Amino acid sequence: MARTGRLSSLWNRSTAAKIAIVAAALLVVFLAVIAGFVGLGTALFYDSYESSYGYEASVNVDGATEDVVVLLPIGVHDGEAVVDELYVTDSDRFVGVSHEVVATDHGPMLRIEIDEVREGRDTLWFDSRIVSDRTIDTRTPRGTEPVLSPVELSEPEREADDHDDWAADRWSDRRTFDATSPVYVEHGGDDDVTFGVIVRYEGTNEWWTFGWSWNTYETSVAGDVAGTDPEGEWVELRGWHTEGSGTYPRFPPTPS
């Protein structure tokens with residue numbers, strides 16, 4: 001059967017022309033696949049993108065005591081505490097637990113009261129999460145976002161090592177500081193009862209595009225309070241503050 005029309009015309013072309021036509025067709029298919037992949041990735045990015053603030057605190061007590069009062073740092077912006085309803089996880093060892101945000105000479109702080117702590121060792125946990133309706137500034141949060149307060153930051157006094165070089169390459173926007181923050185504890189038990197305190201506040205943007213990605217800032221401080229004076233005592237917690245950690249998408253642009 002004779003070949004006619006477009007088929008005949010294609011068949012009669014040179015080998016080079018045939019290869020060029022096939023290559024062009026494959027290129028069109030390839031570009032269509034790439035465009036579909038990018039479009040799907042963009043849809044997944046915007047559909048999963050979420051920004052939130054998180055607060056966590058824990059108070060560990062290693063003995064029986066009563067009439068406990070603890071003041072902890074909390075997330076603060078423009079002089080106002082930024083924390084949602086606190087979820088409390090405790091045990092039968094802690095009796096009569098209450099909490100509220102109060103004004104102090106150091107600014108807003110979380111006041112925790114415990115009527116009685118029974119014999120043994122256990123931990124009282126607090127956590128809260130607030131979903132933000134905008135992208136959080138995790139590169140330069142101080143002054144623009146709520147951060148753990150009261151807190152003092154300073155440049156870390158340590159020599160750079162290979163890990164620091166790797167981190168600088170991996171997270172070019174990351175900055176780390178040493179952090180100190182005061183905590184107040186008073187109780188009516190024996191002097192040898194020890195309180196262990198950990199507090200953390202963070203702001204995070206996260207999304208899923210064929211895998212989870214994120215960027216964040218965080219302040220974490222911790223310390224032990226031992227031999228507390230019954231009249232109450234301020235103790236300095238120590239830790240670190242990081243900002244600009246994680247990855248920052250160039251495309252697509254983040255939601256405002």
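This is a predicted model: local features need pLDDT of at least 70, side-chain atom pairs count only at pLDDT 80 or more; totals for chains, interfaces and linings use all residues.
Residues are numbered from 1 along each chain as its sequence is written, and side-chain values use heavy atoms, with hydrogens and water left out.

**View 1. The pair of Tyr 55 and Tyr 201.** The two rings are tilted, 6.3 Å centre to centre with 55° between the planes (planes under 30 degrees apart count as stacked, over 60 as edge-to-face, the rest as tilted). Because Tyr 55 lies in strand E1 (residues 50-61) and Tyr 201 in strand E12 (residues 194-208), the pair ties together parts 146 residues apart in sequence; strands are DSSP runs of E of at least two residues, numbered from the N terminus. Tyr 55 is buried at 1% relative accessible area, and Tyr 201 is buried at 2% (buried is under 20%, exposed over 50%, partly exposed in between; 1.4 Å probe, protein chains only).

**View 2. The pair of Trp 208 and Phe 210.** This pair is tilted, at 6.2 Å centre to centre and 55° between the planes. Trp 208 is partly exposed at 32%, and Phe 210 is partly exposed at 40%.

**View 3. An aromatic cluster.** Phe 45, Tyr 46, Tyr 49 and Trp 207 form one cluster.

**View 4. Arginines over Phe rings.** The charged end of Arg 93 sits over the ring of Phe 94, 5.7 Å from its centre (NZ of Lys or CZ of Arg within 6 Å of the ring centre and within 35 degrees of the ring normal). Arg 142 lies over the face of Phe 177, 4.6 Å from the ring centre.

Technical notes. Rings of Phe, Tyr and Trp (its six-membered ring) pair if their centres lie within 6.5 Å; planes under 30 degrees apart count as stacked, over 60 as edge-to-face and the rest as tilted. Helices (H or I, at least four residues) and strands (E, at least two) are DSSP runs, numbered from the N terminus.
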